[in-house]
Amino acid sequence: MQDAQNRLWRLLFSLTDRMKDFRNFEYSPIELESAFSLTINQTRVIRAVWELEEKRGGEVTLKLLSEYLRITAAAASEMVENLVQKGVLKREQSRSDRRAISLGLSDAAKVFLQRRWDDFDRISREFLESIEPEEGKLLVALLERFQKKLRAEEESLARQQ
């Protein structure tokens, strides 16, 4: 069982790395530098801002972001500042509260992420077209179960803190 667990994690990390590397081959040198200079925590912040923008119509505050990521406001502020300097995030005055600052993805980051999603969609579609429909359904179902298990573990850990 331990061997299967190790193979699963190695496979998931390998697939993730290959997808990232595949997309980065088509970027200009500036985009490559930006893509590779992000830390794992910075990509978590970007993903969180993307998700919160979708849910809240663009009104993402530093407080909301830190709560969503379960990090201190100081840690969120430092990461946001680094990402603003890299041109990935932008700060704007909140539309609902003139005293607040709203965070969002820069236009360049939105284009970058959309291209990645388009590539992932294409590769996934091509792969699923290359296997039997039942295999594709089983693969998706198993990955969804695995994701559900990971989310349950995250929630359990968060409740313990």
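1. Let's start with Leu 89. Skipping its neighbours within four places in sequence, Leu 89 touches Val 45, Val 49, Val 80, Leu 83, Val 84, Gly 104, Leu 105 and Ser 106; contact here means heavy atoms within 4.5 Å.

2. A quick word on what you're looking at. This is a predicted model, where local features need pLDDT of at least 70 and side-chain atom pairs count only at pLDDT 80 or more, while totals for chains, interfaces and linings use all residues. Residues are numbered from 1 along each chain as its sequence is written, and side-chain values use heavy atoms, with hydrogens and water left out.

3. Leu 89 turns up again in the largest nonpolar core, which has 19 residues; Val 45, Leu 65, Leu 89 and Leu 105 have the most contacts inside it. Such a core is a set of buried Ala, Val, Leu, Ile, Met, Phe, Trp, Tyr and Cys residues joined through side-chain atoms within 4.5 Å, and buried means under 20% relative accessible area (1.4 Å probe, protein chains only). At least two core residues come from each of α3, α4 (62-69), α5, β2 (101-105) and α6, with α3 giving the largest share, five residues. Helices (H or I, at least four residues) and strands (E, at least two) are DSSP runs, numbered from the N terminus.

4. Now see how α3 (residues 40-56) meets α5 (residues 73-85): they pack at an angle of about 85 degrees, with axes 10 Å apart. Axes are lines fitted to C-alpha atoms, for helices over the stretch in contact, and angles run from 0 to 180 degrees between N-to-C directions. Asn 41, Gln 42, Val 45 and Ile 46 of α3 make the contact with Met 79, Val 80, Asn 82 and Leu 83 of α5.

5. Finally, find Phe 112 in helix α6 (residues 107-129). Phe 112 is buried, at 17% relative accessible area.

Definitions and conventions. Buried < 20%, exposed > 50% of the residue type's maximum accessible area, 1.4 Å probe, protein only.
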